[in-house]
Amino acid sequence: MATRYFGQPVQRNEDPRLLTGRGTYVDDIHLPGMLHAAVLRSPHAHARILRIDTRRARELPGVHAVWTNEDLGPLGGPLPLLIPHPTLRAKTQYALAPGVVRHAGEPVAFVVADNRYIAEDALDLIEVEYEPLPAVVDLEEAIKPGAPVIHPDLGDNIAAHYIQKVGDFDGAIRTARHVIRERFVMDRGAAAPMETRGIVAAFDRRDQTLTIWDSTQAPIPLRNGLAQMFGLPQAKVRVIAPDVGGGFGPKVMMFYPEEVLVTLAAIRLGRPVKWIEDRRENFFATNQERLQIHDVEVGFDDDGRIVALKTVFLHDNGAYAAYGLIIPIVAECTLPGPYKIPNYWAEFKAVYTNKTQTSPYRGAGRPHGVFVMERVIKRIAEHLGLDANEVRRRNFIQPDEFPYDVGLIYQDNAPLIYDSGNYPAVLDKCLELIEYDKWPERKRQYQAEGRYVGLGVAFYVEGTGIGPYEGARVTVEPSGKVFVATGVGTQGQSHYTTFAQIVAEELGVDPADVTVVTGDTGMFGWGTGTFASRGAVVAGNACYNAAIKVKQKALQVAAGLLEARPEDLELADGMVRVKGAPQRAIPLGEVARAANPLRGTIPPDWDGPGLEATGYYAPPRGTFAAGCHAAIVEVDPETGQVKFLRYVVVHDCGRVINPVVLDGQIHGGVAQGIGGCFYERLCYDEHGQLLNASFMDYLLPTAGEIPPIETAHIETPSPLNPLGVKGAGEAGVIPVAALFADAIEDALSPFGIRVDEVPIDPDWLVSRIREARQRMREAG
């Protein structure tokens, strides 16, 4: 493939519209006669509903509907399980709680009114009598005998117990020269997208068509599910994901209660209905992520080569498990990373607690696995008196060992096989950029100045590009412009640009002349969604396959017009021309018109009207990107504040479609990673109450806390797809917690402080420094 557009820093097609305020988000949808909805949510984490009285709310002028579970009919049961697993004892949430609430913020009643103000007033008029029940909050307490049981029919709070093994861990650990045991913890956080969730539903009773505008990452599965749920043909249901102000994983979830309730209201009332989640609701009603507790045992030889590793961990599901076991499975499969671990035991228990349920949030288990593995690498290095990067090198999978079978089953139920990579080259480049060879002298200088400055490094492998498939349709208009439609949604990934570059490269047009439509089932109705760093790999290759078909058809049609053989023609600059004789050319738009004859006879080899084709791509298995981050941080020991002095990223995601877009993805991920390791923690008390459900108390990093990020790229193309690309959507966030812990430990090495949990915060640092100083004074 030529590289005129592919691989170039093409300016984003979507920027003029978005930067001038012409984006369209769900709350921008205004329809005649629209009603507005609000949800009454439980104030208790665990309680029995004894009585609900909605009479006063129903009598409020302007109120059109007040529902509890018993008003929902067949939709009052548990909502669908999205991803089943043989070991999962699944419990899914309800559109409205039927008799027991299991987390604070669970929906109890639903109101539809003329406007949101009246709907909120009606919520205040609903009387609910609760009988509080003991809350299960602490993950380890939840699995102890005698703990309160959230779902009584299960008998305990264990949603699943799953083990994967490679080799003979027990035998290898018995003969290992060195064995260390550690505990690592990653706590809960929120995705906190700029745009909260929202849905508008409109039902046309005359032709029985349902139209949904939803800030979802998966419009096609949502369409399919709603059609089945409401007994409608899929062709009569259109789901549109317009501009989405951040998805990050939780917006993949189907079905949130509000998606069912708003749709039902639109059908029953015959009028459009809108619900927009407010920011406080977002803290309770949108899925969360992260909390895992890992107990790790690792055996290694005198050179630091790992011979056996075992992790036994707990994963916090929250009150339900609609998204299955994806997060803990990804965590255990990500943990081996770039290293050869011949004997590996991964075991987890997914646990129900009285908290908001969890589902993937950017990283989706990968940050957990990398945090554990990179902390283990550091502990091995400390134990043997080696440099951690030397330990990495001694354990790396080498470039000539690909494809490399890790021996596990990944989240897509396919074998975990790395397709390509060059991990030593990535590490060497990262160390070169951070000037690692000069660090010992620089650290001595910082220490002489009385400053606490440290350098951290973390390596990761990122599973990307999983199936099952995506599709795209490419059309050349008579104007010569190109139209592309695909089923994946867009939440900031620059699909309007990168997909345009892929198609423009094949059709010889400017990417600015390619219009891309995503996330509208009325425009393209087959596919899965945008998640798991799969858009560029799966939908991008679908666009490529469709463009190749259109190109071949254009050459065939133009051959008749130019009296030349198709193989003697080329597409360039919006024209089809004879190779070596560019004066013999015809505009691509004219070829499109000729491809749709309005009279005359059709030739025997006719391939249908128009320059249009649909392409699909189904990957045989996922692709695996990799990268290394390095940073230098400074800690103020008196205040616990941390400042990043430098941040470097070296990334390998195969062939790069657009380096500017790729850098933007990495920068955004790093920002979220910094938030997740130092600023953001969801704090629950012993009663299951979320104590910091506002941006006054749940801190997000601002531009002032995010350092300039230096990036470099190494390309090892994937052999699994025509474009040779791998995903990059989660690359920025995955290793940040491990990197941060490493850098903090290095900065505070005079105090001997270990960082085996994240997030930490200034108070945590100050208290650990004070404790260390006290120990030092006592020791004389």
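How many aromatic pairs does a search of the whole structure find? I ran it on this predicted model. The search returned 22 aromatic pairs.

**Entry: Y410 and F624.** I looked up this pair among them. Y410 and F624 are tilted, with 5.7 Å from centre to centre and 55 degrees between the planes. I then checked where the two residues lie. Y410 is in the loop between β16 (404–409) and β17 (415–418), and F624 is in strand β26 (residues 623–635), so the pair ties together parts 214 residues apart in sequence. Buried or exposed? I checked Y410 and found a relative accessible area of 4%, so Y410 is buried. F624 has 5% relative accessibility and also counts as buried.

**Entry: Y418 and F624.** Which strands does it join? Y418 lies in strand β17 and F624 in strand β26, so parts 206 residues apart in sequence are tied together. Y418 is buried, at 2% relative accessible area.

**Entry: a cluster.** I followed the ring pairs elsewhere. They link Y339, F396, F402, Y423 and F459 into a cluster.

**Entry: charges over rings.** I looked for these next. R268 lies over the face of W67, 4.8 Å from the ring centre. I also found R534, whose charged end sits over the ring of F531 at 5.0 Å from its centre.

Notes
Residues numbered from 1 in each chain as written. Predicted model: local features only at pLDDT ≥ 70, side-chain atom pairs only at ≥ 80, totals over all residues. Heavy atoms only, no water. Phe/Tyr/Trp six-rings, centres within 6.5 Å; stacked < 30°, edge-to-face > 60°. Helix = DSSP H or I, 4+ residues; strand = E, 2+ residues; numbered from the N terminus. Buried < 20%, exposed > 50% of the residue type's maximum accessible area, 1.4 Å probe, protein only. Lys NZ or Arg CZ within 6 Å of the ring centre and 35° of its normal.
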